[in-house]
Number of protein chains: 2
Amino acid sequence: MGMVLVSGGMDSLVCAAIAAKIHPQLYFLHLNYGQLTESKELWCFQQIADHYAVPDARRKIIDISFLKEIGGSSLTDQRLEVRTGGVVDSSIPNSYVPFRNTIILSLAVAWAEVVGVRKIYIGAVHEDSSGYPDCRPSYYRALNTLITEGTKAGSEGSGIEVITPVIDHSKDKIVKRGMELSAPFHLSWSCYKSGDFACGVCDSCLLRLRAFARAGVKDPIKYRVY
Amino acid sequence: MGMVLVSGGMDSLVCAAIAAKIHPQLYFLHLNYGQLTESKELWCFQQIADHYAVPDARRKIIDISFLKEIGGSSLTDQRLEVRTGGVVDSSIPNSYVPFRNTIILSLAVAWAEVVGVRKIYIGAVHEDSSGYPDCRPSYYRALNTLITEGTKAGSEGSGIEVITPVIDHSKDKIVKRGMELSAPFHLSWSCYKSGDFACGVCDSCLLRLRAFARAGVKDPIKYRVY
């Protein structure tokens with residue numbers, strides 16, 4: 001059995017496609033942390049879960065919108081502008097939620113321990129992470145050490161491990177890999193804004209559009225035409 | 001500035017007393033995870049915060065009661081009996097919430113990064129932890145490595161560190177240390193059940209009573225007389 005963190009974006013979609021090839025039974029976890037795009041992402045989560053025939057009992061949505069109270073991020077703070085204009089440097093963008101991946105993955109580990117899952121897949125990507133410190137391979141090595149130390153100790157520990165199958169991929173390689181696995185890209189959402197159409201100008205849209213262009217594939221989702 | 005995780009129990013109380021000696025400004029964090037004793041613990045948290053003159057703006061209570069949905073613990077599941085009769089073996093008790101300390105500390109790290117705090121105090125105790133894997137010193141070493149990897153990278157990282165000042169203490173040493181620091185033990189609560197009086201028979205009460213007895217100090221809280 002495998003667990004996949006499914007945000008609704010294309011990286012986690014491709015992770016789900018990869019995990020589906022390995023595990024006959026999948027658990028899907030979605031975290032609602034009060035992001036502006038939540039309703040859209042939740043729709044994508046359910047559609048992707050349907051696509052991979054994940055039964056309701058193995059889907060979980062956890063509301064961690066209290067992260068808004070902690071603050072520090074434009075993804076969870078409507079007063080801050082979403083940054084546009086391209087990812088041009090390696091500084092950490094204002095969409096950064098401190099230590100977010102650790103919070104999310106700690107919850108995944110807790111659920112995995114309860115249901116007996118050992119492999120947790122997350123679509124972290126190093127290259128296009130815009131400097132998020134918790135997207136680096138060294139972070140995941142440290143996390144897996146912590147999981148070994150911090151979960152129920154049998155003779156061999158819980159055996160729970162976080163796997164990052166696309167962490168070393170470029171975004172266009174993720175698109176190509178997803179195409180090979182017939183991942184339903186039309187059910188994914190990357191835009192930092194919500195709506196029927198992706199904005200096409202936020203950092204996340206620009207990365208996605210560039211990835212599809214480089215992969216030589218047409219992105220099946222709809223973009224606003226200015 | 002220092003941050004203290006204040007559950008309302010005596011270990012975190014003594015941590016607060018230790019941190020108050022070092023840091024003129026304290027932040028207090030309390031996690032409500034749907035435990036049966038929450039109202040009592042919250043009262044203790046506020047009283048202890050008053051005692052150490054922590055202003056409201058530096059107190060935070062985060063509701064993580066969704067941990068109930070993840071399951072696996074009698075502290076958060078009223079259908080399971082609270083275990084009584086003494087901690088007699090090193091097996092993990094049924095009050096175990098998987099990976100709970102990592103979830104809690106991830107939230108503390110996020111808040112610390114936002115407000116600029118570098119030292120986070122938690123009253124983890126190895127000896128009396130009844131086998132909780134995330135109370136071991138090796139767990140905290142792994143956690144601090146993860147924090148270095150996963151928080152905002154300046155030239156020297158965020159510098160955030162989790163400190164466990166009583167982890168190697170016996171419970172009676174914690175009582176003695178608290179007495180030296182004039183910690184207000186009458187404002188703390190350890191019982192697994194809630195009420196005006198502590199039950200005196202649950203594992204946590206037994207550990208507390210034994211600690212005060214060994215320290216040669218009278219516990220100022222009231223116990224039910226059977």
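**Figure 1. E161(B) sits in strand β5 of chain B, residues 161-163.** Strands here are DSSP runs of E with at least two residues, helices are DSSP runs of H or I with at least four residues, and both are numbered from the N terminus. This is a predicted model, in which local features need pLDDT of at least 70, side-chain atom pairs count only at pLDDT 80 or more, and totals for chains, interfaces and linings use all residues. Residues are numbered from 1 along each chain as its sequence is written, while chains are lettered from A and ligands numbered from 1 in the order in which they are written. Is E161(B) buried, exposed or partly exposed? E161(B) counts as partly exposed because it has 15 C-beta neighbours inside 10 Å. (A residue is buried if 20 or more other C-beta atoms lie within 10 Å of its own, exposed if 12 or fewer, and partly exposed in between, with C-beta atoms placed from the backbone.) Skip the neighbours within four places in sequence, and E161(B) is in contact with R118(B), K119(B), N144(B) and I147(B). Being in contact means that the C-beta atoms of two residues, placed from the backbone, lie within 7 Å. Now look for V117(B): V117(B) and E161(B) are 44 residues apart in sequence, yet their C-alpha atoms are 9.3 Å apart in space.

**Figure 2. I120(B) belongs to the largest nonpolar core.** A nonpolar core is a set of buried Ala, Val, Leu, Ile, Met, Phe, Trp, Tyr and Cys residues joined through C-beta atoms within 7 Å. This one has 134 residues, and the members that touch the most others are V4(A), A108(A), I120(A), V4(B), A108(B) and I120(B). Which residues does I120(B) touch, not counting those up to four places away in sequence? Look for M3(B), A108(B), V109(B), A112(B), I160(B), V162(B) and I163(B) around I120(B).

**Figure 3. Chain A and chain B meet with 33 residues from each.** On the side of chain B that touches chain A, the elements giving two or more residues are β3 (59-63), α4 (100-115) and α5 (137-150) of chain B. The largest share, 10 residues, comes from α4(B). Sorted by class, this side of chain B has 18 nonpolar, 9 polar and 6 charged residues. (Ala, Val, Leu, Ile, Met, Phe, Trp, Tyr, Cys and Pro count as nonpolar, Asp, Glu, Lys and Arg as charged, and the others, Gly among them, as polar.)

**Figure 4. Helices α6 and α7 of chain A cross at roughly 65°.** Two packed helices are described by the angle between their axes and the distance between the axes. Here the axes of α6(A), residues 171-180, and α7(A), residues 203-215, come within 8 Å. (Axes are lines fitted to C-alpha atoms, for helices over the stretch in contact, and angles run from 0 to 180 degrees between N-to-C directions.) On the α6(A) side you'll find K171(A), D172(A), I174(A), V175(A) and K176(A), which meet L207(A), R210(A), A211(A), F212(A), R214(A) and A215(A) in α7(A). These contact residues divide into 6 nonpolar, no polar and 5 charged.

**Figure 5. R177(A) is another residue of helix α6 of chain A.** R177(A) is partly exposed because 18 other C-beta atoms lie within 10 Å. Leaving aside neighbours within four places in sequence, R177(A) is in contact with V14(A) and H169(A). A213(A) is 36 residues from R177(A) along the chain, and their C-alpha atoms are separated by 14 Å.

**Figure 6. A53(A) and F99(A) are two loop residues of chain A.** A53(A) is in the loop between α2 (38-51) and β3 (59-63), and F99(A) is in the loop between α3 (67-70) and α4 (100-115). Neither is glycine, but phi is positive in each: near 55° for A53(A) and near 60° for F99(A). A53(A) is exposed, with 9 other C-beta atoms within 10 Å, whereas F99(A) is buried, with 31.
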